[in-house]
Amino acid sequence: MGLETTGRIHALFETQQVTERFRKREFVVELADNPRYPQFVQFQLTGDRCENLDGFEVGDEVKVEFSLRGREWTSPKGEIRYFNSLDVWTLDKTGGAKASDPFGGPPSDDIPPPTDDDDIPF
């Protein structure tokens, strides 16, 4: 199931080595669909995707594409519990000053600004 949302990074956590073969890195995104009642949603990156969070900072506006995952677990006492996770596939910076710039950063000071007397009709 593929889902997508946008928001602002609220918290970043270090990579955790859960087992010898499984590692994850979690982060929290503040969803401001309703600014009066913001939602703080925890996502996770697993395996080789853990490094995809490098270069992101608290406050960055992001678009997150993820899968909703769920599993059943039976405790040693025989109790059945259910767990959900939001597994991230892609994470991109959006808008704002901290977004990645495909042109390599702010304009150089040695390039003059465009003039207003341009006669281009568009």
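What you're looking at is a predicted model, where local features need pLDDT of at least 70 and side-chain atom pairs count only at pLDDT 80 or more, while totals for chains, interfaces and linings use all residues. Residues are numbered from 1 along each chain as its sequence is written, and side-chain values use heavy atoms, with hydrogens and water left out.

**Overall layout**

- Follow the chain along its sequence and you get the pattern β-β-β-β-β-β.
- Of the 122 residues in the protein chain, 25% are buried (buried is under 20% relative accessible area, exposed is over 50%, and partly exposed is in between, using a 1.4 Å probe and protein chains only).
- Take the contacts in the protein chain with a separation of 6 or more: 50% of them come from residues 24 or more positions apart (a contact means heavy atoms within 4.5 Å).

**How the strands pair**

- Strand E1 (residues 2-12) pairs with E5 in the antiparallel sense, over seven bridges (two strands pair if DSSP finds at least two bridges between them).
- In that pairing, glycine 2 sits opposite serine 67 in E5.
- E5 also pairs with E6, again antiparallel, and here there are 13 bridges.
- Across from arginine 69 you'll find serine 85 in E6.
- E5 and E6 make a hairpin with five residues between them, and glycine 78 in the turn has a positive phi of about 90 degrees.

**Salt bridges**

- A search of the whole structure turns up six salt bridges (a side-chain nitrogen of Lys or Arg within 4 Å of a carboxyl oxygen of Asp or Glu).
- One of them joins arginine 23 and glutamate 51, whose closest N and O atoms are 3.0 Å apart.
- That pair links distant parts of the chain, since arginine 23 is in strand E3 and glutamate 51 is in the loop between E4 and E5, 28 residues apart.
- Glutamate 51 is partly exposed, at 38% relative accessible area.
- Arginine 25 forms a salt bridge with aspartate 54, and their closest N and O atoms are 2.8 Å apart.
- Arginine 25 lies in strand E3 and aspartate 54 in the loop between E4 and E5, so this pair ties together parts that are 29 residues apart in sequence.
- Arginine 25 is buried, with a relative accessible area of 10%, whereas aspartate 54 is partly exposed at 48%.
- Glutamate 65 forms a salt bridge with lysine 63, with the closest N and O atoms 3.5 Å apart.
- Glutamate 65 is partly exposed at 28% relative accessibility, and lysine 63 is partly exposed too, at 24%.

**The largest pocket**

- The largest pocket has a volume of about 330 Å³.
- On a 1 Å grid over the protein atoms alone, a pocket is an open set of points where a 1.4 Å probe fits, with protein on both sides within 12 Å along at least five of seven lines; lining residues have an atom within 4 Å of a point.
- There are 18 lining residues, and the closest to the pocket's centre are Gln44, Thr46, Arg71, Ser85 and Asp87.
- Strands E3 (23-31), E4 (39-46), E5 (61-74) and E6 (80-93) are the elements that each give two or more residues to the lining.
- E6 gives the most, with six residues.
- The lining splits into six nonpolar, six polar and six charged residues (Ala, Val, Leu, Ile, Met, Phe, Trp, Tyr, Cys and Pro count as nonpolar, Asp, Glu, Lys and Arg as charged, and the others, Gly among them, as polar).

How values were computed
Points joined across faces, edges and corners; volume = space filled by probe spheres on them. Helix = DSSP H or I, 4+ residues; strand = E, 2+ residues; numbered from the N terminus.
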